[in-house]
Amino acid sequence: MLNQSYGWSESDIKNNGAIAVKGIPKIFFKSLIQYIYSDYFYNARNDAEYFIRFLIYADYFMLSRLVDICSNYLK
């Protein structure tokens, strides 16, 4: 995805090597990345609103096991 030969906009990195991810707050994105790399995520909050939003973002990024984890917390 980051290779210039594919023509993705992400391949033209100009902001000190940073890629902007829009549409998801930093707290949720950090948890998603942590989950992808370690099969674990740290949540600072333990309320229903947090897990509902986290479930939505997990579903958006097609992380079905994380969706199940969030659903179990909500139950």
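Me: How much of the protein chain counts as buried?
Reply: Of its 75 residues, 23% count as buried. Keep in mind that this is a predicted model.

Me: How many helices and strands are there?
Reply: The protein chain has 3 helices and 0 strands. Along the sequence the pattern reads α-α-α.

Me: OK, α1. Which residues are buried there?
Reply: Phe28, Ser31, Leu32 and Tyr35. They cover an arc of only 100° around the axis, so they sit on the same side of α1.

Me: What covers them?
Reply: The cover includes α2 and α3.

Me: Which residues are exposed on the other side of α1?
Reply: Lys26, Lys30 and Tyr37 are exposed there.

Me: Tyr37 again: which nonpolar patch is it part of?
Reply: Tyr37 forms a patch on the surface with Ile33 and Ile36. Together they have about 350 Å² of accessible area. Ile36 is in helix α1.

Me: What span should α1 have, and what does the model give?
Reply: α1 has 13 residues, and at 1.5 Å a residue they should span 18 Å. The end C-alpha atoms are 18 Å apart, so the two agree.

Me: Switch to α2. Where does it run, and what about its span?
Reply: Helix α2 covers residues 48–60, which is 13 residues.

Me: Which residues of α2 are buried?
Reply: Tyr50, Phe51, Phe54, Tyr57 and Ala58. Their arc around the axis is only 125°, which puts them on the same side of α2.

Me: What covers that side?
Reply: The cover of the buried residues includes α1, residues 26–38, and α3, residues 64–74.

Me: And what's on the face turned away?
Reply: That face of α2 carries the exposed residues Asp59 and Tyr60.

Me: Where is Ile52, and how far is it from Val67?
Reply: Ile52 is in helix α2. Ile52 and Val67 are 15 residues apart in sequence. In space they are 9.6 Å apart, C-alpha to C-alpha.

Me: Why does Ile52 count as partly exposed?
Reply: Its relative accessible area is 44%. Partly exposed lies between the cut-offs, under 20% for buried and over 50% for exposed, so Ile52 falls in the middle class.

Me: New topic. How many salt bridges does a search of the whole structure find?
Reply: The search finds 1 salt bridge. The side chains of Arg65 and Asp39 meet in a salt bridge, at 2.7 Å from N to O.

Me: Where do the two partners sit?
Reply: Arg65 is in helix α3, and Asp39 is in the loop between α1 and α2. They are 26 residues apart, so the pair links distant parts of the chain.

Me: How accessible are they?
Reply: Arg65 has 44% relative accessibility and counts as partly exposed. Asp39 is partly exposed too, with a relative accessible area of 47%.

Me: What's the phi of Asp39?
Reply: It is near 60°, a positive value in a residue other than glycine.

Me: Which residue with a positive phi follows α2?
Reply: Met62 follows α2, with a phi near 60°. Met62 is not a glycine. Its place is the loop between α2 and α3.

Me: Is Met62 buried or exposed?
Reply: Met62 counts as exposed, because its relative accessibility is 72% and the cut-off for exposed is over 50%.

Definitions and conventions
Residues are numbered from 1 along each chain as its sequence is written. This is a predicted model: local features need pLDDT of at least 70, side-chain atom pairs count only at pLDDT 80 or more; totals for chains, interfaces and linings use all residues. Side-chain values use heavy atoms; hydrogens and water are left out. Helices (H or I, at least four residues) and strands (E, at least two) are DSSP runs, numbered from the N terminus. The expected span of a helix is 1.5 Å times one less than its number of residues. Buried means under 20% relative accessible area, exposed over 50%, partly exposed in between (1.4 Å probe, protein chains only). The arc is that of the directions from the helix axis to the C-beta atoms. Contact means heavy atoms within 4.5 Å. Patches are made of residues with over 30% relative accessible area and no salt bridge: like charges are joined within 9 Å, nonpolar side chains (Val, Leu, Ile, Met, Phe, Trp, Tyr) within 5 Å. Accessible areas come from the Shrake-Rupley method with a 1.4 Å probe; for residues, only the protein chains shown count as cover. A salt bridge is a side-chain nitrogen of Lys or Arg within 4 Å of a carboxyl oxygen of Asp or Glu.
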